[in-house]
Amino acid sequence: MKAVLETWDLCYTYNGETLALNHVTVAFYKGERVAVLGNNGAGKSTFFSMLNGLRKPDSGGVKYNGAPIGYSRKELIGLRQKVGEVFQEADRQIIAATVEAEVSFGPMNLKLPREEAVRRTSGAIRYMNLDGYERRSPHCLSGGEKKRVSIAGVIAMEPEILLFDEPTASLDPYHIAQLEETLERMHREGRTLVISTHDVEFAYRWADRVLVFHQGRLAADGTPEQVFSNQELLKQACLKQPVLWQAAALLAERGLLAPEKGFPKTVKELSRLL
Ligand code: ADP
């Protein structure tokens, strides 16, 4: 299968001293759901900033659809239509005075015909259930609402790949559930989703594939089952096993669950397997 986005031998150092990425080679395929784990300072945000051309690697590179990305203004505008990022801090992303202006900012910048920009803006507003919010100031919204506005701004660009930097960090369980519904919808539409998170429970139930960063290196790239069964890796990267995984492993050990039938991703699945 051909990768939609890939990096090869990516290295990046801040100010010539902090090595943030150390020879990272990884490929993403259409429609994948990828969780990126790693403790603070492991290199996840820096890695994302390489994928959408926000920073240029010291060595190695990034390819989109098989072609190395370029860093001219025009090439970067083109890349960001395809690879959108939802930043962790909505306040860092949001710049406009109203929700409508914020969501339309990207399409307007693309110099699309006005009707097309309007169509994309209202489509993205509807997509994120923000009807009625158009004239409100994004800065006066709740954390969950702001997150929806920043996602709408990215959706309006109609990207093929979406990067989310710790999207669940500031959300309560209700808004996390809402976000998961949105992610499910994006997945059904065939988009490639890459999410950095500290939430191993979320990574385990949601991802098809898990990447683990540790001290700027890609320490693991595998299925959730491969990653969460690797005790040594988890210890090295200071990660915990998901509680449901631990419970299932215990039940399998006691002969109450047949591991060959697969490990449950939800309590409902566990109940069905028992
Ligand atoms: P993560 O997203 O996994 O927390 P980061 O990519 O933010 O990791 O950080 C990787 C390393 O780069 C860390 O050592 C961090 O201190 C350093 N770093 C990140 N951003 C900057 C910056 N703007 N200037 C200098 N060092 C930075």
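Predicted model: local features only at pLDDT ≥ 70, side-chain atom pairs only at ≥ 80, totals over all residues.
1. A polar backbone atom of glycine 43 is 3.0 Å from an oxygen atom of the ligand. Lysine 44 uses its side chain instead, with an N or O atom 2.8 Å from a ligand oxygen atom.

2. The shell around the ligand consists of Tyr14, Asn15, Thr18, Ala20, Asn39, Asn40, Gly41, Ala42, Gly43, Lys44, Ser45 and Thr46. By class, three of these residues are nonpolar, eight polar and one charged.

3. Which elements supply at least two residues of the shell? Strand 2 (18–28) and helix 1 (44–51) each do. Helix 1 gives the most, with three residues.

4. Now threonine 197. This residue sits in the loop between strand 8 (192–196) and helix 8 (200–206). Is threonine 197 buried or exposed? Its relative accessibility is 2%, so it counts as buried; the cut-off for buried is under 20%.

5. The side chain of threonine 197 also makes a polar contact within the protein. It reaches the backbone nitrogen of aspartate 199 at 2.9 Å.

6. Beyond its neighbours within four places in sequence, threonine 197 is in contact with Val36, Leu37, Glu166, Thr168, Phe202 and Ala203. Of these partners, Phe202 and Ala203 fall in helix 8 (200–206).

Notes:
Residues numbered from 1 in each chain as written. Heavy atoms only, no water. Helix = DSSP H or I, 4+ residues; strand = E, 2+ residues; numbered from the N terminus. Buried < 20%, exposed > 50% of the residue type's maximum accessible area, 1.4 Å probe, protein only. Polar contact = N/O pair within 3.5 Å; in protein donor to acceptor, adjacent residues only side chain to side chain. Contact = heavy atoms within 4.5 Å. Near = heavy atom within 4 Å. Nonpolar A, V, L, I, M, F, W, Y, C, P; charged D, E, K, R; others polar.
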